[in-house]
Amino acid sequence: MLAGVAYASYSLLGRRVLHRHAPLGVTTRSLGWGAVGILPIVAAEWASGARPVWTAPAVAGALYLAVVISALGYVAWNWALARVSAPRAALFLNVQPIAGALLGALLLDEPLTGFTLVGGTAIVAGLAVACGRAPS
């Protein structure tokens with residue numbers, strides 16, 4: 001719940017910042033301060049004796065999470081927030097399950113079941129209603 005409150009605060013307060021600064025710069029500074037903020041946790045973990053195992057898959061996975069999921073995701077979110085209100089942008093977070101299901105089907109040969117299609121249709125219809133357009 002705290003994460004949801006923090007993200008909502010970031011989005012609502014960040015919109016004002018995005019009126020004065022470019023989304024890429026805001027994202028870069030946000031990620032930098034976020035990294036500084038977790039340093040005490042990293043130090044405590046390191047002091048406890050926990051050490052990372054630097055295998056190629058671990059490094060590739062960490063880079064993917066850091067660059068593609070976190071950095072590019074926040075740049076896209078901040079770009080959107082600079083153009084529309086936070087509540088309006090938040091509506092489109094509901095598209096994530098559709099994107100996940102489609103990527104699973106395309107990349108991992110996951111089945112698109114009837115439940116998946118009904119759920120995706122319900123999400124699109126809900127977005128259409130929330131955005132003020134009746135689904136066609």
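**Fold and dimensions.** I read the chain along its sequence and found the pattern α-α-α-α-α-α, that is, six helices and zero strands. Helices (H or I, at least four residues) and strands (E, at least two) were taken as DSSP runs, numbered from the N terminus. I noted that this is a predicted model, in which local features need pLDDT of at least 70 and side-chain atom pairs count only at pLDDT 80 or more, while totals for chains, interfaces and linings use all residues. Residues are numbered from 1 along each chain as its sequence is written, and side-chain values use heavy atoms, with hydrogens and water left out.

Along the principal axes, the C-alpha atoms fill a box of roughly 55 × 45 × 25 Å.

Among contacts (heavy atoms within 4.5 Å) between residues at least 6 apart in sequence, 69% join residues at least 24 apart.

**Core.** I recorded the largest nonpolar core as six residues: Leu18, Val26, Trp77, Leu81, Ala86 and Ala89. Such a core is a set of buried Ala, Val, Leu, Ile, Met, Phe, Trp, Tyr and Cys residues joined through side-chain atoms within 4.5 Å. Helix H3 (56–81) and helix H4 (86–91) are the elements that give two or more residues to this core. I then checked Leu81: leaving aside neighbours within four places in sequence, Leu81 contacts Ser11, Arg15, Leu18, Ala86 and Ala89.

**Aromatic rings.** I counted four aromatic pairs. Rings of Phe, Tyr and Trp (its six-membered ring) pair if their centres lie within 6.5 Å; planes under 30 degrees apart are stacked, over 60 edge-to-face, and the rest tilted. The Tyr7 and Trp77 rings have centres 5.7 Å apart and planes at 35°, so this pair is tilted. The pair links helix H1 (residues 2–18), which holds Tyr7, to helix H3, which holds Trp77, across 70 residues. Tyr7 is partly exposed at 27% relative accessible area, whereas Trp77 is buried at 9%. I also noted that ring pairs join Tyr7, Tyr10, Tyr74 and Trp77 into a cluster.

Conventions: Buried means under 20% relative accessible area, exposed over 50%, partly exposed in between (1.4 Å probe, protein chains only).
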